[in-house]
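Reader: I'm new to this one and would like a close look at a single part of it. Could you pick the aromatic rings, and then show me what surrounds them?

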Amino acid sequence: MKTLEVNSSAISNFSFNYSTNRVGVVFRYNPEKCYLFDCDDIVAAEERLMGAESVGKMVAEMRKDGTLTSIEV
């Protein structure tokens, strides 16, 4: 698993689990909780997030276009 700290007002960090194709998102407002998402192409998702000007907007876009699918835990 790889963790990526980001400089965002909304998001604290991402975790990328390549063996399960899941992305974890930790928001600054609730740092104790990690929201999990299924992802078909985790490498492409990581590249999109790393290149984004606004990672919060990119997460919203990726959820909308189906790149990230919420997992109910």
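Author: Let's start with what counts as a pair: rings of Phe, Tyr and Trp (its six-membered ring) pair if their centres lie within 6.5 Å, and planes over 60 degrees apart count as edge-to-face. Keep in mind that this is a predicted model.

F27, Y29 and Y35 make up one aromatic cluster. Searching the whole structure turns up three aromatic pairs. Take F27 with Y35: their ring centres sit 5.5 Å apart and the planes meet at 75°, so this pair is edge-to-face. As for how covered these two are, F27 is buried, with a relative accessible area of 19%, and Y35 is partly exposed at 24%.

F27 belongs to the stretch of strand β3, residues 22-27, and Y35 to that of strand β4, residues 35-39. These two strands run antiparallel and are joined by four bridges. Elsewhere along this pairing, R22 stands opposite D38 in β4.

Five strands form an open sheet, ordered β1-β2-β3-β4-β5, with antiparallel pairing. At the edges are β1 and β5 (68-70), each of which pairs on one side only. From one strand to the next, the twist averages 30°. Helix α1 packs on this sheet and touches β1, β2, β3 and β4, with its direction at about 160° to that of β2. Helix α2, residues 55-64, lies across β2, β4 and β5 and runs at about 45° to β2.

Over at the β1 end, strand β1 (residues 2-5) pairs with strand β2 (residues 11-17) in the antiparallel sense, over four bridges. The two form a hairpin with five residues between them. Within it, T3 stands opposite S15 in β2.

Helix α1 covers residues 42-51 and includes E46. E46 is buried, at a relative accessible area of 7%. Its side chain has a polar contact of 2.5 Å with the side chain of K2. Setting aside neighbours within four places in sequence, E46 is in contact with K2, F16 and Y18.

I42 is in helix α1 too, and it is buried, with a relative accessible area of 4%. Not counting residues up to four places away in sequence, I42 touches F16, N17, Y18, N21, R22 and V23. I42 and Y18 are 24 residues apart along the chain, yet their C-alpha atoms are separated by 6.9 Å. So much for the helix.

One last stop: the cysteines. A disulfide is a covalent bond between the sulfur atoms of two cysteines. The count here comes to zero disulfides. The sulfur of C34 has its closest cysteine sulfur in C39, 14 Å away, so the two are too far apart for a bond. C39 is therefore in no disulfide either, since C34 holds its nearest cysteine sulfur, at that 14 Å. In terms of cover, C34 is partly exposed, with a relative accessible area of 35%, while C39 counts as buried at 2%.

Conventions:
Residues numbered from 1 in each chain as written. Predicted model: local features only at pLDDT ≥ 70, side-chain atom pairs only at ≥ 80, totals over all residues. Heavy atoms only, no water. Phe/Tyr/Trp six-rings, centres within 6.5 Å; stacked < 30°, edge-to-face > 60°. Buried < 20%, exposed > 50% of the residue type's maximum accessible area, 1.4 Å probe, protein only. Pairing = 2+ DSSP bridges. Polar contact = N/O pair within 3.5 Å; in protein donor to acceptor, adjacent residues only side chain to side chain. Contact = heavy atoms within 4.5 Å. Disulfide = S-S within 2.5 Å. Axes fitted to C-alpha atoms, helices over the stretch in contact; angles between N-to-C directions.
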